[in-house]
Amino acid sequence: MHNLSATELLTIWEHTLNQSPVHRALGLLTVAFPEYTPEQLARLSIGQRDTLLLNLRERLFGSRLDSTIACPQCQQQIELAFSTSDIRVEPTPSGVNDSAATAMSLTLEGYKVNFRLPNSIDLVSIETCTPADHAHEQLLHQCIQSVTRLTEDNDQEETSNDVRQLPASLIDAIAERMAEADPQANTQLALTCPDCSHVWNATFDIVTYLMDEIHRLAKHILQEIHNLARAYGWREADILEMTSIRRRAYLELLGLG
Ligand SMILES: [Zn+2]
């Protein structure tokens, strides 16, 4: 992993500002993990991608995560504080490998299905898909590599991988196997409301969380540049070359720290 400079952070923020979350996550990882090709990063399973994003988040902002959420029963706003280790699935994947593409298989209801885990390329391809259940169907369709019908006399015949023609129980079992194989892709927080004692699970999305933090940091850096440039007449590039410690020290001298 590579330590992102203030210039790189601003560049990523600017270039990905109007992009979808999937593209923003890939743009960020491409700069932060130059040891991997963009193609390798795009083919990571969603859980592997989120593991890298968690590692990057720790490097940029530390391990403590703060958030607020409304209780679905009494609507009270609840403050949450947890750690990256609370939501990290162990063992940590060792890094980028081909396991996301590794064929998994399942035999059920007279079918044998070979499939792989969804990756960022799959998520991009369903971004414009509506309604949501069509998107889910298309995602599964893309990940199913082959379907074999097992006949009564033990013959096998290749059949369509159209998910609409497969039994619902088989589709559910594939989705369940995918979730088991890639647990980091679906981070759940077990919550209890301190006011009404309602107990529920909430999804934590590292992409949205980290992108919000980077957005706030980019705005903060721009404010620092603005204040220093206005006071001293320095160029943006020269201010960005400074460490954050030095920028803060000058801002303190200006009474703006
Ligand atoms: Zn409540």
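Visitor: What should I know about the model before I look?
Guide: It's predicted, so local features need pLDDT of at least 70 and side-chain atom pairs pLDDT 80 or more, while totals for chains, interfaces and linings use all residues. Residues are numbered from 1 along each chain as its sequence is written, and side-chain values use heavy atoms, with hydrogens and water left out.

Visitor: How many helices and strands in the protein chain?
Guide: Eleven helices and eight strands, taken as DSSP runs (H or I, at least four residues; E, at least two) numbered from the N terminus.

Visitor: What's α9 like?
Guide: Helix α9 covers residues 206–232 and spans 38 Å from first to last C-alpha, close to the expected 39 Å (1.5 Å times one less than its number of residues). After α9 comes G233, with a positive phi near 75 degrees.

Visitor: OK, aromatics. How many pairs turn up?
Guide: Six in the whole structure, where ring centres of Phe, Tyr and Trp (its six-membered ring) must lie within 6.5 Å; planes under 30 degrees apart are stacked, over 60 edge-to-face, the rest tilted. One of them is Y232 with W234, stacked at 4.1 Å centre to centre and 10 degrees between the planes.

Visitor: And why is Y232 with Y250 edge-to-face?
Guide: Because their planes sit at 70 degrees, with centres 5.7 Å apart. That pair links distant parts of the chain, with Y232 in α9 and Y250 in α11, 18 residues apart.
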